[in-house]
Each structure stands twice: as C-alpha cells, then as structure tokens.
Amino acid sequence: MRIIEQEFAGRLASGAATTCLCWRLVRADGFVLAVTEHDQALDVDGTLYQPGAALEGASFAQSADLKPGHAAAGGALAHEAITETDLADGLWDGARVEVIRADWQRPDLFVSVWSGRLSEVTRGETGFEAQLVSRKAEFERPLGRVYARQCDAVLGDARCGVDVGGFPGLSCDHRFQTCSEVFGNAESFRGFPHLPGADFVLLGPAASGNDGGRR
C-alpha cells in the first residue's frame, strides 16, 4: 500500500500536479545514478536527480501476495553514465533500483512507486534491455539447507567427493545405503538418514498403555 500525503493527493485529484518519474540506481560497487524524465534537475528528499530517463518503456506490477512483483523495462537503458562497456561487463547486474513520482513544481511532494533490483541485463534488438524484480523476490530465495533423509549433493561434485571415473555407468539415487555400500562414501553423505519419518510422527500411544519407556 502506498502512502500519499494529503496535500499531494489533493493536487493529483485536482489535476494541478505536474509529475515525473525519478530513478535512483545503486550498483554493487557503490556507484549511484539519480536521473529523472523531467527536462531539469530536481532535488527530491536530499537526492539531486539529473535530466535523462534511465529506463524507457518500463511498467510496474506489484502483487498483493508474496509472489515477486516484476517490472518489464523494454528498450535501451538510456543515459550517458550507463555505458555499453559497463553493461557488457555486468557492472549493472543486481543494481538496486528505487523509483518515485514527484511533482516537479513542488519537489517536496513525492510518492514511492517501486523498489527492487536489476536482475538481468541483456542485449536486445533495440539495445540493452533490463528485467526488474521487486524486493518481494528476496523472500523466495532459499536460505540454509533442507532437512531430508536423502542426500542433496550431485554425484561427483565438490560436496559429494566421489570420483565418478571409478564408477562408470553408475548413477546415484541419493539414499544413504547406496552412498555407503556402492560408493563407500558414507562420511560425505549430505543428507540426514536417521531423520524420523512421517510414520514415526503419526505414531500414537502403544495399545498396551504408556509405561514411561521409549516407543
């Protein structure tokens, strides 16, 4: 939900507001680019936005649930500070993006439109094109490991450690028994073979009654 100051909301409702988009992009190396689609520089909330739209043809979509909102920015990334060399070298990949709409007659009146990051920059038919992903996408990133009986390593990778050259034609089903008896690699098993299963969790009291001992 966007919060709009009452005065700004009133100007928008009356049609008196003259608004423009302002972009603030922050690269991973700390370089900051603040630009506006207006034809003059604007000082908004302590940030000086220079003329020259950063992303042309961008549209924003925010979902009400936890699915990440996406903004498709078609067309070239247009600003002299965004060079083809830097784009090709990936310096803008993952850059933080904050977009606001401000009244250029009253720069103290503005509202946040969208925030997220550049997830991917590719070369298209009309130049470099960007895909934007909102901050909600951060909630979908897996953190840590999943506790499961099966191994989550790939046969032969660094976490597994098995020399696949010594086992031609064999595949792994990620079970502890296979890891131990077939590959002799029990010490590097990346699962939790003794994790209780659903049958244990759903097991009820013993029919003969609870004598205080273990099941």
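# Reading a predicted chain: rings, charges, cores and a cavity

Tutor: Of the 215 residues of the chain, 29% count as buried. Buried means under 20% relative accessible area, exposed means over 50%, and partly exposed lies in between (1.4 Å probe, protein chains only). This is a predicted model: local features need pLDDT of at least 70, side-chain atom pairs count only at pLDDT 80 or more, and totals for chains, interfaces and linings use all residues. Residues are numbered from 1 along each chain as its sequence is written, and side-chain values use heavy atoms, with hydrogens and water left out.

Student: How many helices and strands does the chain have?

Tutor: Four helices and nine strands. Helices (H or I, at least four residues) and strands (E, at least two) are DSSP runs, numbered from the N terminus. From that end, the elements run α-β-β-β-β-β-β-α-β-β-β-α-α.

Student: How do I read a pair of aromatic rings?

Tutor: Take the distance of the centres and the angle of the planes. Rings of Phe, Tyr and Trp (its six-membered ring) pair if their centres lie within 6.5 Å; planes under 30 degrees apart count as stacked, over 60 as edge-to-face and the rest as tilted. This structure holds three aromatic pairs. In one of them, Phe 31 and Trp 92 have ring centres 6.0 Å apart and planes at 85°, so the pair is edge-to-face.

Student: Which parts of the chain does that pair tie together?

Tutor: Phe 31 lies in the loop between strand S1 (19-26) and strand S2 (32-36). Trp 92 lies in the loop between helix H2 (84-88) and strand S7 (96-103). The pair therefore ties together parts that are 61 residues apart in sequence.

Student: Is Trp 92 buried or exposed?

Tutor: Trp 92 counts as buried, at 1% relative accessibility. Phe 31 counts as partly exposed, at 33%.

Student: What about Phe 167 and Phe 183?

Tutor: Their ring centres are 5.0 Å apart and the planes stand at 65°, so this pair is edge-to-face. Phe 167 lies in the loop between strand S9 (127-134) and helix H3 (176-181), and Phe 183 in the loop between H3 and helix H4 (198-201). These parts are 16 residues apart in sequence. Phe 167 is partly exposed at 24% relative accessibility, while Phe 183 is buried at 9%.

Student: Which charged residue lies over the face of Trp 92?

Tutor: Arg 27, at 5.1 Å from the ring centre. The rule: a charge sits over a ring if NZ of Lys or CZ of Arg is within 6 Å of the ring centre and within 35 degrees of the ring normal. Arg 27 is buried, with a relative accessible area of 10%.

Student: How many salt bridges does the structure hold?

Tutor: Six. A salt bridge is a side-chain nitrogen of Lys or Arg within 4 Å of a carboxyl oxygen of Asp or Glu. Arg 27 forms one with Asp 29, the closest N and O atoms being 2.7 Å apart. Glu 7 and Arg 106 also meet in a salt bridge (2.7 Å, N to O). Glu 7 lies in helix H1 (residues 6-14) and Arg 106 in strand S8 (residues 106-124), so this pair ties together parts that are 99 residues apart in sequence. Another joins Arg 159 to Asp 152, at 3.0 Å between the closest N and O atoms. Salt bridges that share partners join Glu 7, Arg 106 and Asp 108 into one network.

Student: What is a nonpolar core?

Tutor: In soluble globular proteins, nonpolar side chains tend to be buried together. A nonpolar core is a set of buried Ala, Val, Leu, Ile, Met, Phe, Trp, Tyr and Cys residues joined through side-chain atoms within 4.5 Å. The largest core here has 16 residues; Trp 23, Trp 92, Val 97, Val 99 and Leu 118 touch the most other members. S1, S2, S7 and S8 each supply at least two residues of this core. S8 gives the most, with four. Apart from this core lies another of eight residues, among them Ala 34, Val 44, Tyr 49 and Ala 102.

Student: Where is empty space left, and how is it found?

Tutor: Rolling a probe the size of a water molecule over the atoms shows it. On a 1 Å grid over the protein atoms alone, a cavity is a set of points where a 1.4 Å probe fits but cannot get out; lining residues have an atom within 4 Å of a point. Grid points are joined across faces, edges and corners, and a volume is the space filled by probe spheres set on the points. The structure holds one cavity of 30 Å³ or more. The largest cavity has a volume of about 90 Å³. Of its 13 lining residues, Cys 151, Leu 155, Cys 160, Cys 172 and Cys 179 lie nearest its centre.

Note on methods
1 Å grid on protein atoms, 1.4 Å probe; cavity = no way out; pocket = protein on both sides within 12 Å on 5 of 7 lines; lining within 4 Å.
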